[in-house]
Structure formats: C-alpha cells, structure tokens
Amino acid sequence: MATMTMIQALRSAMDVMLERDDNVVVYGQDVGYFGGVFRCTDGLQAKYGSSRVFDAPISEGGIVGTAIGMAAYGLRPVVEVQFADYFYPASDQIVSEAARLRYRSVGDFTAPITIRMPCGGGIYGGQTHSQSPEALFTHVCGLRTVMPSNPYDAKGLLIASIENDDPVIFLEPKRLYNGPFDGHHDKPMVPWSAHPTSEVPEGHYVVPLASAAVFKPGTDLTVITYGTMVFVSEAAARETGIDAEIIDLRSLWPLDLPTIVESVKKTRRCVVVHEATRTSGLGAELVSLVQEHCFYHLEAPIERVTGWDTPYPHALEWAYFPGPARVAAAMQRAMEK
Amino acid sequence: MNPGPLHLHVPEPSARPGHETDFSYLHLARAGEARRPAVDVSPVDTSDLAYTLVRVLDDDGRAVGPWAPQIATDRLRHGLRAMMKMRAYDARMLIAQRQKKISFYMQCLGEEAIAVAHALALQPGDMCFPTYRQQGLLLVRDDIDMVEMMCQAMSNERDPIKGRQLPLLHSYKRAGFFTISGNLATQFVQAVGWAMASAIKGDTKIASAWIGDGATAESDFHTALTFAHVYRAPVILNVVNNQWAISTFQAIAGGEATTFAARGVGCGIASLRVDGNDFLAVHAASLWAAERARSNLGPTLIEWITYRAGAHSTSDDPSRYRPGDDWQHFPLGDPIARLKQHLIGIGAWSDKENDDTQKELDAQVAAALKEAERYGSLLDGHIPPLSSMFEDVYKDMPPHLREQMRQAEAT
C-alpha cells in the first residue's frame with residue numbers, strides 16, 4: 001500500500017496496464033515527453049518508449065479518431081483530452097463512431113478506448129477550463145461514462161475502464177487531483193495523504209464499472225452525487241448535522257440503480273447534487289429514476305443542487321460553484337417537508 | 001486605382017443542364033507523360049505529380065510510359081471481369097430499388113476501376129476504410145458472397161449486420177473492409193490510426209483510406225493528413241474526385257484552380273494525381289503507394305480523377321443540376337471500355353468473350369438476387385427479431401436495456 005494523490009493513482013493505473021498489456025498505448029497533447037499538463041503521465045514515456053506513450057497534435061478529433069482505428073486493429077488506446085472543455089471537436093468520432101462501431105458492425109469491429117478528460121471547476125479556469133459535460137456523454141447510447149472522486153477509486157476505475165471492451169469516457173474532477181476539496185475554497189487545502197482513500201495498492205485491482213459506492217452511510221436522507229460534489233455534500237451533512245447517506249455514483253452511465261433505489265427507500269428523502277449546469281443535466285435523469293422507482297416511499301419532493309445555467313464564470317466562480325451552503329440548504333428543505 | 005466594392009466569389013461548374021461542360025478545368029496530361037519517381041522520393045519532390053495526371057492507357061488502348069505496370073494478363077482479365085460484375089450488380093440493384101425490393105441504393109457507375117485495380121495492389125491483412133462507392137473492393141474478391149451482400153441491402157434475416165445499416169454500408173473485417181459509417185470523412189482519420197497501430201506492433205500490414213472530393217472539406221480530412229505525416233503512418237490516402245458530391249461541384253469542395261493531391265504535398269505527404277478511369281494507372285499508382293507504406297516511407301495521397309456517371313443515390317436526380325449527357329463528354333472515358341480495348345489490342349480478349357462474359361455475369365447477378373429475395377426484405381417484414389435492436393449497444397447488455405427490451409416486447 002502506498003499513499004497517492006489522484007494524479008499518482010491515475011498514473012499508477014496506466015503504468016500497471018502498460019506493463020500488463022502490450023496493446024495498451026497512451027497518447028494525447030503534451031502527454032509524452034512532458035508527462036501531461038497535470039503530470040498524470042509523467043515518466044511513462046521514459047519507461048515504455050515513445051511508440052507506446054507519445055505526444056499528439058492539438059486535434060481532439062484526430063486523437064480520438066486515430067484511437068478508434070487503433071482499437072479496430074486490436075490495441076487498447078488510453079487517450080487524453082487535455083480539458084473536457086476541448087472534447088467538442090471529437091464529438092463526431094465519439095458519438096457517431098466509437099459509440100456505435102460494435103452495433104453497426106455487429107461486433108465485427110469494436111472500439112475499446114478510454115478517453116481521459118479533466119473536468120469541473122474550482123481552479124479559476126474560466127469558461128473553457130471548468131466545464132462538466134458528463135450529460136452530453138450519458139445521453140449517447142454505447143458509451144460508458146465514469147467519474148471517480150478519490151485516489152483509490154480513480155485507479156481501480158481507470159484499470160476497469162481500460163480493460164472494458166466498450167468505449168469509456170473517463171472524467172477526472174481536476175479540483176480533486178491534489179486533495180479532497182469540500183467546497184470551502186477559503187480554507188487551507190487538505191492533502192490526499194490526510195484522507196483514507198489515498199491508501200492505494202501499487203499493483204493491479206479494479207473498481208467495477210456500473211457500481212456505486214455508499215460513500216457515507218446515513219439514515220436521514222440520500223444524496224446522489226459524484227466527483228467533487230461527494231466531498232461538498234459530506235461537508236454540508238457535517239455542518240447541518242443531518243445524517244445523510246451519500247452515494248457516490250462513480251459510474252454515471254450505465255449506473256448502479258439498485259444502490260440508489262435501496263437507499264432512497266430507506267431514507268425516504270433525496271437530494272441530487274452535481275456541478276454541471278442544471279437543465280437537462282444528469283440530475284434530471286436521476287430525479288426521474290428516483291421518481292419512477294421510489295415515488296411511494298418519498299416523504300418530500302426531490303431536491304436538486306447544480307451549477308447555474310450560465311457559462312462557468314471566472315470572477316464569480318464561487319457564486320457559480322454549488323458549495324456546501326447550497327447543498328446544506330437543499331438538505332434542510334428536504335428534511336422540513 | 002479604385003477596385004470597386006468587394007464581391008463574394010461562389011464557384012460554378014462550367015455548365016448547367018442544357019449546356020455542355022467545358023472539361024478543360026481538369027488539366028489533363030497525355031498518357032505516359034508523367035514521370036515515375038523511385039518509391040523513396042522525398043514528398044516535396046512529388047509536387048509536380050500532384051498537378052499533372054498519371055496515365056498509362058493512351059487513346060488507342062496501348063500501355064505507355066514509365067507507369068505501365070508489370071501485370072500478368074490473367075490479372076487484367078480478372079480485373080475486367082470484376083468491373084463488369086460490379087456494373088451488372090449496380091444495374092440489377094438499381095432496378096431492385098425501383099421495384100421496391102430494397103429501400104435505397106448507390107451505384108459506382110464509371111468509377112469501377114478505382115476500387116477494383118486498387119484492391120489487386122493490396123495484400124491479405126491490409127485494411128480498407130471505404131466510403132459507400134467502393135463496392136468493387138468486395139466484388140473483386142472470390143470469398144465474398146454476392147447473395148450475402150444483397151441480403152445486407154435488403155436488411156433481411158440473412159443480413160450479416162442484422163438490418164442495422166442502410167444498404168451498401170457493409171462490414172467485412174475478414175475481407176479487409178472496415179464498417180462504413182454513413183457519416184463522411186470520419187473513417188479517414190481512423191485509417192491513419194489503424195496504420196499507426198500496425199507500425200506500433202511492428203506488423204507488415206498497411207491501411208487504405210477512402211474519401212470523396214466533397215468530404216475533403218471536413219476537418220477530419222486535414223486531421224488525417226497531419227497525423228499520417230507526423231507519424232509517417234503506413235497508409236494510402238485515396239481521394240476519389242468524381243467531380244460531384246450530390247449537387248455540389250468539386251470547386252465548392254475547394255478544387256478550383258488547384259488539386260486535391262496538392263493538399264498532400266502541402267502536408268509533407270508524397271502525392272499523385274492519377275487517371276482513375278485507367279485501370280493500369282490505378283493499379284500502378286496503388287502498387288507504388290503500397291510499396292512506400294510497407295517500406296516505412298510513410299503515407300501517399302492519391303487523387304483519382306473520375307466522373308460520377310450515375311446519380312448520387314436513388315434519392316437524387318442529377319438532371320436538375322448538371323448536363324444530362326456529361327459523362328459521354330468526360331475526357332477520361334469509361335474505365336471498362338478502356339481496359340477492354342487494351343486487352344483486345346494485346347490479343348487477350350475478344351468481343352465474343354466480352355459478350356459471353358456479360359451474359360454470364362448478368363445471369364449470375366440475377367440468380368443471386370433471386371436467391372436473396374427468398375430470404376425476404378425490410379419491405380415485406382422479413383426483418384431481424386426485435387431483441388436484436390438492443391444487442392451490441394454494449395458488449396454485455398446493461399440492465400436498463402434489458403428493461404427497455406422487455407417493455408418493447410410487451411407492446
């Protein structure tokens with residue numbers, strides 16, 4: 001066991017898979033010699049050579065498009081889109097190609113690719129370095145969308161994603177790269193070493209896809225969330241004294257519905273939290289699922305806490321970010337009714 | 001000097017319906033005129049070849065010049081027969097669409113030489129990433145069953161891709177034929193990735209990417225050129241310039257006063273502009289590019305000059321936007337007639353053999369369609385089972401799709 005940040009855990013996952021499987025290749029903008037702008041691939045080129053870990057031109061469509069071709073050949077490419085905000089030029093390759101290759105060819109060709117993308121705000125990244133576009137992926141049939149919230153899950157989910165035979169969108173909340181940020185941006189940063197999930201095995205293990213975690217058990221209400229908002233929700237529960245059960249989805253789609261349903265039927269109250277914009281966000285789908293499966297168990301309307309329906313602002317970042325106060329208010333509303 | 005107000009230039013073809021096209025815009029060269037450099041030529045030294053036209057067959061059907069390939073007569077006869085089969089297949093499928101036996105069809109009339117002669121220059125294991133007008137890559141092979149191809153067009157119970165795709169959007173991994181998307185240009189980048197993978201693995205296989213003149217305007221085309229050049233990918237980048245993308249003339253795709261081959265040179269890629277209706281030139285240029293790719297010399301871009309003799313698809317009416325008799329005036333002629341003339345000229349074919357072959361192929365295609373019809377079609381309800389709609393979205397069906405399948409089957 002070692003203590004790892006999320007960056008180190010992600011690097012360890014790629015290291016393990018490059019070592020175990022000759023068909024794994026890692027590439028993207030600044031990924032090779034330099035080791036990535038967030039250092040996630042640092043040292044991998046030196047260890048595995050430039051034909052397996054290399055730099056790519058600044059072309060997300062090219063990075064994903066070539067990965068699909070490599071996967072059709074038989075490789076398992078792990079590619080990085082430097083910021084999730086930059087994936088849009090690759091949309092056609094992701095939506096029309098990777099997601100449907102197996103379907104349209106009846107398994108003659110498949111695209112077992114993993115597309116890593118740092119996402120989310122809280123780093124003063126402005127509107128082009130802060131987005132959470134997960135709902136654009138969960139809407140696409142044929143994709144798996146994953147978002148870890150801590151180092152242990154990050155490594156186990158990334159290994160599971162690389163080994164999975166479906167295309168996986170792997171979203172990394174960049175505000176969690178170096179510590180379990182709980183939304184209190186004015187307080188000193190807590191390092192991962194202070195958190196139990198930074199205990200990460202050095203070798204191979206998987207966290208299964210489509211399996212949620214009960215991040216914190218509780219009895220008063222259920223919070224359904226993922227990524228950075230797991231820690232924000234935990235802070236809100238602590239500060240309100242509400243005994244919330246916090247479900248970390250980990251896999252956003254396909255997701256672990258039984259864990260959600262079991263929890264909501266137990267607590268009878270539900271708050272859905274995500275950082276992404278509100279309208280047609282993944283929260284809308286989660287609220288629908290809870291309504292369809294738990295309606296007769298609910299004691300109160302389902303609450304939803306999200307980013308506002310605006311671009312991610314630079315100066316007003318913390319007014320946009322759904323911090324502990326907003327989550328706490330939603331929890332209290334859910335408890336009052 | 002006052003230049004006057006600015007005005008927007010919108011390219012136009014030289015003729016619209018009722019007039020005669022001036023094909024001088026094609027800038028042709030004489031057969032045998034273009035030089036043939038060594039395969040290890042520096043890409044920049046192919047600049048002239050991106051603006052001229054590589055041709056082998058002259059107007060009398062003789063093979064002339066440095067590109068005349070060493071190819072066995074039997075291979076040429078095989079090629080002619082495959083092109084004739086392709087044309088017979090197209091003709092029969094067009095009728096089948098008009099008879100409402102299939103929903104839709106796209107022929108490759110006039111472009112048969114490109115896919116057929118190119119396929120004969122590749123090796124087993126190589127992978128083509130085709131568009132919907134390279135059916136010849138399949139029909140030239142003896143191991144692809146024409147009946148099965150027709151079943152695909154009918155989306156019937158024998159369709160190997162279970163009625164999931166429009167007619168013609170085949171997938172034949174075993175025949176080196178990548179699944180056709182229906183979206184344009186995406187496959188051009190994927191071919192480069194496939195070729196990169198072959199190089200990463202130290203393999204000997206090469207990829208062959210296909211795109212039309214119209215879709216070169218997509219960013220995927222330029223992206224593919226960049227990646228192919230950067231990683232020196234073992235790939236042949238084929239641009240089939242058939243002059244028309246539905247009603248969009250090739251000048252609207254950016255072909256006016258330049259060539260599509262010139263894009264390659266600008267990206268550091270060896271590039272050729274070739275007579276796509278000249279079976280021998282297509283074969284020779286394809287062999288040259290394949291040898292470059294297999295020798296770690298990197299990609300070659302080839303612009304094939306041809307003419308889309310038929311409509312874009314069965315949903316298109318080209319008489320609305322171009323002269324109806326354009327193909328008769330196209331200066332590069334008909335690829336089948338030209339190879340036939342050559343083979344007769346060298347004593348390897350005859351009019352009688354031609355007639356007999358034509359009859360045999362027509363009968364073969366008609367019999368195949370008759371057999372395919374026995375398995376029904378999309379239009380008479382002989383379609384794959386409902387459950388197949390939910391299969392293969394993921395490798396293993398997730399719970400939400402199992403639930404939706406249950407709901408679909410219950411209604």
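1. Two strands count as paired if DSSP finds at least two bridges between them. Strands are DSSP runs of E of at least two residues, helices are runs of H or I of at least four, and both are numbered from the N terminus. In chain A, strand β5 (residues 114–119) and strand β7 (residues 168–173) pair in the parallel sense over 6 bridges. Thr114(A) has Val168(A) as its bridge partner in β7(A).

2. The model is predicted: local features need pLDDT of at least 70, side-chain atom pairs count only at pLDDT 80 or more, and totals for chains, interfaces and linings use all residues. Residues are numbered from 1 along each chain as its sequence is written, while chains are lettered from A and ligands numbered from 1 in the order in which they are written.

3. Chain A holds 12 helices and 14 strands. Its radius of gyration, taken over C-alpha atoms, is 19 Å. Along the principal axes, its C-alpha atoms fill a box of roughly 60 × 45 × 40 Å.

4. Of the 337 residues in chain A, 61% are buried (20 or more other C-beta atoms within 10 Å of the residue's own, with C-beta atoms placed from the backbone).

5. The open sheet of chain A has 7 strands in the order β3-β2-β4-β5-β7-β6-β12, with mixed pairing. β3 (53–55) and β12 (251–253) of chain A are the edges; each has a single partner strand, so one side of each lacks a neighbour in the sheet. On average, neighbouring strands are turned by 20° against each other, direction ignored.

6. Helix α3 (residues 60–73) of chain A lies across β2 (24–28), β4 (76–80) and β5 of chain A. The helix runs at about 170° to β4(A). Axes are lines fitted to C-alpha atoms, for helices over the stretch in contact, and angles run from 0 to 180 degrees between N-to-C directions.

7. The contact between the chains takes 35 residues from chain B and 35 residues from chain A; contact means C-beta atoms, placed from the backbone, within 7 Å. On the chain B side, α5 (186–200), α6 (219–230) and α13 (399–410) each give two or more residues. The largest share, 11 residues, comes from α5(B).

8. In helix α11 (residues 335–345) of chain B, the buried residues include Pro335(B), Ile336(B) and Arg338(B). Their cover includes α1 (73–98) and α12 (351–373) of chain B.

Note on methods:
Two residues are in contact if their C-beta atoms, placed from the backbone, lie within 7 Å. The radius of gyration is taken over C-alpha atoms; the globule rule is 2.2 Å times the number of residues to the power 0.38. A residue is buried if 20 or more other C-beta atoms lie within 10 Å of its own, exposed if 12 or fewer, and partly exposed in between; C-beta atoms are placed from the backbone.
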